[in-house]
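Please keep the model open beside the text while going through the numbered points.

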Amino acid sequence: MRKILVKTVQGYQRWISPILPPACRYYPTCSNYMIEAIDKHGPAKGLAMGTARILRCHPFCTPGYDLVPNHFSLRRNWSEPTKNKSQK
């Protein structure tokens, strides 16, 4: 099941994603996040985490780093780079 899900996402990355304009507001991209979540947490939890990430990726979200956490969570992993005091 894991291989099927990963191959499906890789197919999307190769054939569909190049046709669409870039729209992901997070790093890594939503498709890369899905693959990493499936590899790290298994097919069911990884698919749930990837789907939650896609639903969070919209024009009104705060962009930034959102790495796959080591523990299962459907919430954003707030690991953003620290700002300099001069940027406040």
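1. Thr51 counts as partly exposed because its relative accessibility is 37%, where buried means under 20% relative accessible area, exposed means over 50%, and partly exposed lies in between, with a 1.4 Å probe and protein chains only. Thr51 belongs to helix H3, residues 43-56, and the C-alpha atom of Thr51 is separated by 8.9 Å from that of Leu74, which is 23 residues apart from Thr51 along the chain.

2. On the source of these values, this is a predicted model, in which local features need pLDDT of at least 70 and side-chain atom pairs count only at pLDDT 80 or more, while totals for chains, interfaces and linings use all residues. Residues are numbered from 1 along each chain as its sequence is written, and side-chain values use heavy atoms, with hydrogens and water left out.

3. The chain holds three helices and two strands, which are DSSP runs numbered from the N terminus (helices are H or I with at least four residues, strands E with at least two). Read from the N terminus on, the elements follow the order α-β-α-α-β, and of the 88 residues in the chain, buried residues make up 31%.

4. How many salt bridges does the rule give? The count comes to two, a salt bridge being a side-chain nitrogen of Lys or Arg within 4 Å of a carboxyl oxygen of Asp or Glu. Side chains of opposite charge can pair when their charged atoms come close.

5. In one of these salt bridges, Asp66 pairs with Arg53, and the closest N and O atoms are 3.7 Å apart. This pair links distant parts of the chain, since Asp66 is in the segment after strand E2 (64-65) and Arg53 is in helix H3, 13 residues apart. Both Asp66 and Arg53 are buried, and for Asp66 the reason is a relative accessibility of 0%.

6. Asp66 also forms a salt bridge with Arg56, where the closest N and O atoms are 2.6 Å apart. Asp66 lies in the segment after E2 and Arg56 in helix H3, so this pair ties together parts that are ten residues apart in sequence. Arg56 counts as buried because its relative accessibility is 16%, and Arg53, Arg56 and Asp66 are linked in a network of salt bridges.

7. A nonpolar patch on the surface is formed by Tyr12, Trp15, Ile16, Ile19 and Leu20, which together have about 570 Å² of accessible area. Such a patch takes residues with over 30% relative accessible area and no salt bridge, and joins nonpolar side chains (Val, Leu, Ile, Met, Phe, Trp, Tyr) within 5 Å; the areas come from the Shrake-Rupley method with a 1.4 Å probe. Ile16 is found in helix H1 and counts as partly exposed because its relative accessible area is 45%.

8. The largest pocket has a volume of about 410 Å³, and among its 16 lining residues the closest to its centre are Tyr12, Ser17, Cys24, Cys30 and Ser31. A pocket is an open set of points on a 1 Å grid, where a 1.4 Å probe fits, with protein on both sides within 12 Å along at least five of seven lines, and lining residues have an atom within 4 Å of a point. H1 gives the most to this lining, with four residues.

9. The peptide bond from Tyr27 to Pro28 is cis, with omega near -5 degrees, and Pro28 has its place in the loop between strand E1 (26-27) and H2.

Notes. Grid points are joined across faces, edges and corners, and a volume is the space filled by probe spheres set on the points. Patches are made of residues with over 30% relative accessible area and no salt bridge: like charges are joined within 9 Å, nonpolar side chains (Val, Leu, Ile, Met, Phe, Trp, Tyr) within 5 Å.
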